[in-house]
Amino acid sequence: MDSQDQGMYYTNLLHGNSIVSLEDSPLLPTNPISVKKSTRGVNFIPEEDKLLVSAWLNHSLDAIQGTDQKYSQLWEKIFEYFQQHKETTIERTIKSLSNRWSCIQKATNSFCSCLAQVERLNQSGMTEQDKFDKAKIMYQSEEKCNFLFEHCWNLLKDQPKWILRDAAKQRKTMVSPPTPTTTPSPTRNVIEDEVVELDRPMGKKVAVKKRKAEGKQAEEIIQLRKMKFTLLEEAQAQEKEYFRLKTEKMEYEKKAEDERLRLLSEKLRIEAEKTELAKKEADQRIMMMDVSGMTEIQRLYFEELQREIVMRRDHA
């Protein structure tokens, strides 16, 4: 299984930081493998140092292969990675890369101890940069040279091996008081022990088990998303059916109201026709009356009614 499957590909360390597990670099066997015999080459440049750190992290921390592979296989892979990604024409051998890594590791461990000692002083008002600068001065005083691998430190500082602050808090190391015949030793030796002891990266079985658990979890998430999508579709279908029924109800109520108004209009029309018919019948009876046998007053009254009926019919 390729280490990329575990999200531990370290080419991006050349441009940023990444927190992963870290082990000490295994030493080469007594007879290290070399590609070709060559004389001492030119000094390493910072870009080569950073590429070497990236190559070592890529292959030595592989949770599936890193703890099982042999020393020669490890450095062959580091050399191959270095050759594939280098941007210079300088030729390096496996031996030169391993020697350079030993220098980087030794100097970084030493600087790590100095920084841990500064951290333990716990001086108030000091910023992270102040602590870093003070550790560089302490390193120069103890090693009699400057710390030349700050560019490598920037790539390694977030690895478990280099997280000094947490290691110092978690361990309570007792330092024996100095005797009159011995020179008091700074706490650096104790801190070095704390820095060197690291959590080992997960083994092959643990990594495979973790990957299976992550795969199962991913499958459960997919199933939950499918269920959520199905429920959403059902909810949308129910909402659509609700609006359809509501529209049908509104149309039915509109038709019922139109029918009610039509029946009411028809009823009024029939009543109006009945009233008109009754009025015509009454007019007809008045017009057919014989007024010759009536008194004078009765005759004048009905004659007046007859004239009104005739005038109304003429105007109609």
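Analyst: Happy to! Let's start with E119, which is buried, its relative accessible area being 14%. Buried means under 20% relative accessible area, exposed over 50%, and partly exposed in between (1.4 Å probe, protein chains only). K131 is buried too, with a relative accessible area of 13%. The side chains of E119 and K131 meet in a salt bridge at 3.6 Å, N to O; the term stands for a side-chain nitrogen of Lys or Arg within 4 Å of a carboxyl oxygen of Asp or Glu. This pair links distant parts of the chain, with E119 in helix α3 (residues 94–121) and K131 in helix α4 (residues 128–143), 12 residues apart. Helices here are DSSP runs (H or I, at least four residues), numbered from the N terminus.

A word on the basis: this is a predicted model, where local features need pLDDT of at least 70, side-chain atom pairs count only at pLDDT 80 or more, and totals for chains, interfaces and linings use all residues. Residues are numbered from 1 along each chain as its sequence is written, and side-chain values use heavy atoms, leaving out hydrogens and water.

Now for the wider setting. The structure holds 16 salt bridges. One of them joins R299 and E296 at 2.3 Å, N to O, and both residues lie in helix α9 (residues 296–315), three residues apart, about one turn of the helix. R299 is partly exposed at 23% relative accessible area, as is E296 at 45%. Helix α9 also holds E304 and R307, again three residues apart, whose closest N and O atoms are 2.6 Å apart in a salt bridge. Elsewhere, E241, R244 and E248 are linked in a network of salt bridges.

Conventions. Helix = DSSP H or I, 4+ residues; strand = E, 2+ residues; numbered from the N terminus.
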